Amino acid sequence: MQTLAFVNQKGGCGKTTTAVNLAGALARRGDRVLLVDLGPQAHATMALSVAVLENEPALADVLLHGVPLGAAVREAPGGIALLPATLALSELEEQAGRTLHPERILREALEDARADYDWVLVDCPPRADGVLTANALRACDVAVLVVELGAFAVQGALKALEILREIAGDMQAAFDLRVVGTLYDPRMLLARELLVGLQARFAGQLFDTVIRHSVRLREAAACGLPVQVLDPRGSASANFDCLAGEVQGLLLPAPARSGVSGVRARSPAALSGSFGFSQLQPTR
């Protein structure tokens with residue numbers, strides 16, 4: 001099982017859209033995927049049309065009250081397993097000062113699921129320096145910095161990078177960093193220039209796949225479905241399938257990458273190397 005945390009220091013950058021539809025793409029390839037909605041606003045939960053009733057356990061119950069992880073997992077459209085969020089997650093921020101090592105709670109809870117899933121994708125809240133995101137970073141193998149290709153995108157990415165580096169140092173956490181560009185409109189000169197800027201700043205860390213702006217992605221979220229269910233043959237589905245292939249390729253031994261649709265032979269050691277977080281320095 002490998003864990004990816006999708007992070008940024010602000011909302012509206014396509015973070016939830018990326019996490020939800022990458023989960024759908026990996027599930028479509030035959031992998032077992034758990035999507036963890038770590039945002040109190042429950043955007044990923046709503047994007048998969050999952051409703052949590054008052055008497056049903058959710059992620060907050062796992063983190064705050066020790067409810068077994070399996071009791072809170074729901075089946076979502078597209079073959080995705082979901083740990084849904086509720087507003088009660090905000091209580092974790094309030095209790096952090098009274099809890100020993102509050103940033104380790106999610107990691108410990110996910111240990112129970114290690115044999116059940118190939119991937120855990122964590123959709124983090126927009127606050128990059130809070131205890132919820134700290135939990136995701138402590139639990140993850142790879143932090144994926146989601147960067148909207150709009151005005152001030154590169155500056156915002158560098159600011160988020162500094163926050164992540166500071167958190168990693170404080171927690172003595174070891175995770176690798178990757179960057180994905182989102183909301184890309186190739187018709188716009190500014191977007192093309194910003195993409196070139198990201199490639200220069202994050203050489204070796206930036207995914208080759210860029211998530212394009214798509215009406216279908218908005219429609220899928222409104223319908224409570226991953227885009228693979230709403231429009232399985234459309235360009236947005238193909239876009240995320242390319243990203244899923246890159247993600248799988250990070251964790252596969254090189255000889256096994258060609259022609260493999262699912263991932264079974266994963267090596268955590270493959271995550272360390274030229275793009276390790278501890279070695280990351282943006283290209284000047």
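Visitor: What stands opposite phenylalanine 6 in E5?

Guide: Aspartate 123 does. Bear in mind that this is a predicted model, where local features need pLDDT of at least 70, side-chain atom pairs count only at pLDDT 80 or more, and totals for chains, interfaces and linings use all residues. Residues are numbered from 1 along each chain as its sequence is written, and side-chain values use heavy atoms, with hydrogens and water left out.

Visitor: How do you know that E1 and E5 pair?

Guide: Two strands pair if DSSP finds at least two bridges between them. Strand E1 (residues 2-7) and strand E5 (residues 119-123) have five bridges, in the parallel sense, so they count as a pair. Strands themselves are DSSP runs of E with at least two residues, helices are runs of H or I with at least four, and both are numbered from the N terminus. The chain has 12 helices and seven strands.

Visitor: What makes E3 and E7 edge strands?

Guide: The open sheet runs in the order E3-E4-E2-E5-E1-E6-E7, with mixed pairing. Strand E3 (74-76) and strand E7 (176-182) each pair on one side only. For E7 the partner is E6, in the parallel sense over seven bridges, and valine 147 stands opposite glycine 181 there.

Visitor: What makes a group of residues a nonpolar core?

Guide: They must be buried Ala, Val, Leu, Ile, Met, Phe, Trp, Tyr or Cys residues, joined through side-chain atoms within 4.5 Å. The largest such core has 61 residues, and Leu34, Leu83 and Val122 have the most contacts inside it. Its largest share, 10 residues, comes from helix H8 (residues 153-171). A second, separate core of 36 residues includes Cys13, Val50, Phe240 and Ala244.

Visitor: Which residues is leucine 34 in contact with, neighbours within four places in sequence aside?

Guide: Contact means heavy atoms within 4.5 Å. Among the partners of leucine 34 are Leu69, Val73, Leu83, Tyr117 and Trp119.

Notes. Buried < 20%, exposed > 50% of the residue type's maximum accessible area, 1.4 Å probe, protein only.
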